[in-house]
Amino acid sequence: MIKDPHATAAALLPLVGGPANVTSVAHCMTRLRLGLADRSRVDDEALRAVPGVLGVVEDSASYQVVLGPGVVGRVTTAFETLLAAGRIGTADDPADGDGREGDGEAGGKTAGADDASVAPAVTPAADTAVDTTADTADALARRGAELKARQKARNATPLKTVLRRVADIFVPLIPALIGCGIVAGIAGLLTNLRWLPGLTPALTALSSAFMALIAVFVGHNTAREFGGTPVLGGAVAAVVVYPGVAKVTAFGTALAPGQGGVLGALAAAVLGTYVEKWCRARLPGTLDVLLTPTLTVLVSGLLTLYVLMYAAGEVATAIGTAADWLLTTTGALAGLILGGLFLPLVMLGLHQALIPIHTTLIEQQGHTVLLPVLAMAGAGQVGAAAAVYVRLRHDTSLRTTIRSALPAGLLGVGEPLIYGVSLPLGRPFLTACVGGAAGGAFVGLFAMLGTEVGATAIGPSGWALFPLLAGGGGWAVTAGVYGGGLLTGYAVGFLATYFFGLPDGAGHPVCDPEKHEPRPADRPGPRPASPR
C-alpha cells in the first residue's frame with residue numbers, strides 16, 4: 001500500500017525516462033496513463049519493483065502504471081508537480097538537454113544523479129566493453145526500436161483505437177456518474193420509506209441534472225479527443241437535449257429532447273470536429289475567426305437534427321431492446337458468458353468502452369441491467385484471491401498483496417488483484433473467470449424468472465453497488481438476488497482456485513520439481529504484470 005504518494009511519484013519519474021520523455025499525464029480509476037516520447041527509455045522491471053506498483057500495461061497510445069483506486073489520483077497529482085518542476089529545471093539549464101546528451105562523464109551528470117537510486121553504477125570495465133562494441137550496440141538498438149515500432153503498429157488496430165478514444169471520452173465523466181448515482185439511490189430510498197418528503201425533490205434534482213445535460217459533456221470531451229475545439233463540440237451536442245427540438249420533424253416524426261442520448265451527442269461532436277478542421281484548413285485567418293465557428297455549429301447542428309438524432313435514437317432503442325431480450329430470454333447463458341469474459345476485458349482496459357452502452361440504458365430505462373451481471377467477475381476474482389491466500393500460506397509477500405488489494409476487490413475494483421495476484425500466477429486468473437461466470441449465470445437466471453437486477457449509475461461495483469440497485473421486484477428482492485450472485489461468485493471462484501487453480505503441493509512456495517526453487521511468479525517481491 002502506498003503511504004507517501006510523493007515518494008512513489010519521485011521513484012516513477014526517472015524510470016519512465018525523466019520529465020523530457022513524458023508528453024502527457026492522465027489517470028483513470030486505477031491506472032496512471034502516460035504519453036511517452038521514447039518508449040525505449042522506460043525501465044519496466046524497475047517500475048514493477050517500486051512499492052505499490054501493481055503492474056504495467058502498454059497499449060498503442062499510452063504507458064499505464066497500475067496503482068489501484070484512490071491511490072492513483074494522489075500519485076498523479078504528485079507526479080504532475082514533479083514533472084512541472086523538472087521541466088522548469090531543464091529549461092533553466094539548457095546544457096542538460098533532455099538528460100540523454102553527454103552519456104559520458106560531463107553531460108550525463110544530472111541524469112546519472114536521477115538514476116542512481118535505480119540503476120547500478122557503471123564500472124570502468126563496462127565502459128570499455130561498451131566502447132569496443134559501440135557499432136554492435138547501435139545496430140541492436142536500431143533493431144530493437146524497429147521491432148517495438150512494428151509491435152506498436154500491430155497493436156494500433158482500428159478497433160483498439162476506437163475503443164481507446166471512446167474510453168478517453170467517457171472515463172472523465174465517471175466521478176460525476178458515481179456521485180449523482182449515489183444521490184439518486186439515497187433519494188429513491190427516502191422516497192420508498194416516505195422519509196423527509198421535503199428533501200427528496202432537491203436530491204432528485206441534484207442527481208438528475210447531470211444526466212439531463214450529459215450530452216453536452218460528452219460533446220465537449222469528444223471534440224477535445226478528436227482535435228477540435230471542446231466548447232464547439234459541447235455546443236453542437238447541446239442541441240440533442242434542448243427542449244425546443246420537439247418542434248422539429250425528421251423523417252415525418254417529431255423529435256424528442258434527448259433522442260439519441262450520448263450516442264447522438266458523440267456522433268454530433270465528431271461531425272462538428274471534422275467540419276471545423278475542414279473550415280480551418282481552407283479559410284483565411286481574417287475569416288476563420290467568424291466563419292469557422294458559425295459553419296461548425298450550423299452544418300453539424302442541422303445534420304444532427306435531421307439525421308443523427310433520428311439514427312442514434314434508433315440505435316439506442318435497439319440497444320435497450322437487445323439488453324432486455326438477452327437477459328429475459330437467454331439470461332443464464334448470457335450471464336455466464338458476460339460474467340466469465342469481463343475480467344479479460346478489464347485486463348486489457350477495454351471495459352471502459354462499455355460505458356456508452358450503460359449510459360444509454362440508464363437514459364432509456366433508468367438503470368442498466370448489464371452492470372450487475374458484469375460485476376460478478378469481481379466476485380470470482382475475490383474468491384480466487386481468497387483461495388490463493390489460504391493455500392500459499394508461506395508466501396508472505398503474496399499474502400500481503402492480497403490483504404492490501406482485497407478491500408478494493410470487494411468494492412468491485414479488480415485490477416489490483418488481477419495484476420498483483422491472479423494474472424502473474426496464471427491458472428487463478430482462469431478460475432476467477434469461472435467464478436465470475438457462475439455469479440453471472442445466477443443473476444441471469446433470476447432475470448429469466450422475472451426478477452431483473454439493474455444499477456442506476458455506473459462506476460461502483462461489488463458491495464458498493466448495493467445503494468444503486470433497482471429492479472421491478474423492489475430493492476430488497478433486487479438486493480437479495482444481487483447478493484446471491486456475489487456469494488455464488490465468491491464460492492465458485494474460491495473452490496475452483498483451491499482445487500484446480502494451484503499446482504499440487506501448494507501451501508508451500510510453489511517449486512519447480514527439478515530445481516526445487518520458487519517459480520518467478522511465486523517468489524516474494526512485486527508481482528509481474530500481464531504479458532503484452
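I take helices (H or I, at least four residues) and strands (E, at least two) as DSSP runs, numbered from the N terminus. I am working with a predicted model, where local features need pLDDT of at least 70, side-chain atom pairs count only at pLDDT 80 or more, and totals for chains, interfaces and linings use all residues. Residues are numbered from 1 along each chain as its sequence is written, and side-chain values use heavy atoms, with hydrogens and water left out.

**Entry: helix 1**

I began at the helix spanning residues 5–15. Glycine 17 follows helix 1 and has a positive phi, near 105 degrees. I then checked burial, where buried means under 20% relative accessible area, exposed over 50%, and partly exposed in between (1.4 Å probe, protein chains only). Among the buried residues of helix 1 are Leu12, Leu13 and Leu15.

**Entry: the sheet**

Next I looked up the strands, counting two as paired if DSSP finds at least two bridges between them. I found an open sheet of 4 strands in the order 1-2-4-3, with antiparallel pairing. Strand 1 (22–27) and strand 3 (55–58) each have a single partner strand, so one side of each has no neighbour in the sheet. Strand 2 (residues 31–36) and strand 4 (residues 63–66) pair over 4 bridges. Arginine 33 has glutamine 64 in strand 4 as its bridge partner.

**Entry: nonpolar cores**

For a core I took buried Ala, Val, Leu, Ile, Met, Phe, Trp, Tyr and Cys residues joined through side-chain atoms within 4.5 Å. The largest nonpolar core holds 67 residues, and Phe170, Ile214, Val218, Val388 and Tyr482 touch the most other members. Counting contact as heavy atoms within 4.5 Å, and leaving aside neighbours within four places in sequence, I saw phenylalanine 170 meet Val218, Val262, Ile355 and Pro356. A second, separate core has 25 residues, including Leu13 and Val56.

**Entry: glycine 272**

Where does glycine 272 sit? I found glycine 272 in helix 12 (residues 261–282). It counts as buried, at 5% relative accessibility. Not counting residues up to four places away in sequence, glycine 272 touches Thr296 and Ser300. Alanine 223 is 49 residues from glycine 272 in sequence, yet 7.7 Å away in space, C-alpha to C-alpha.

**Entry: cysteines**

I searched for disulfides, meaning pairs of cysteine sulfur atoms within 2.5 Å, and counted 0. Cysteine 180 is buried at 16% relative accessible area, and cysteine 433 is buried at 11%.
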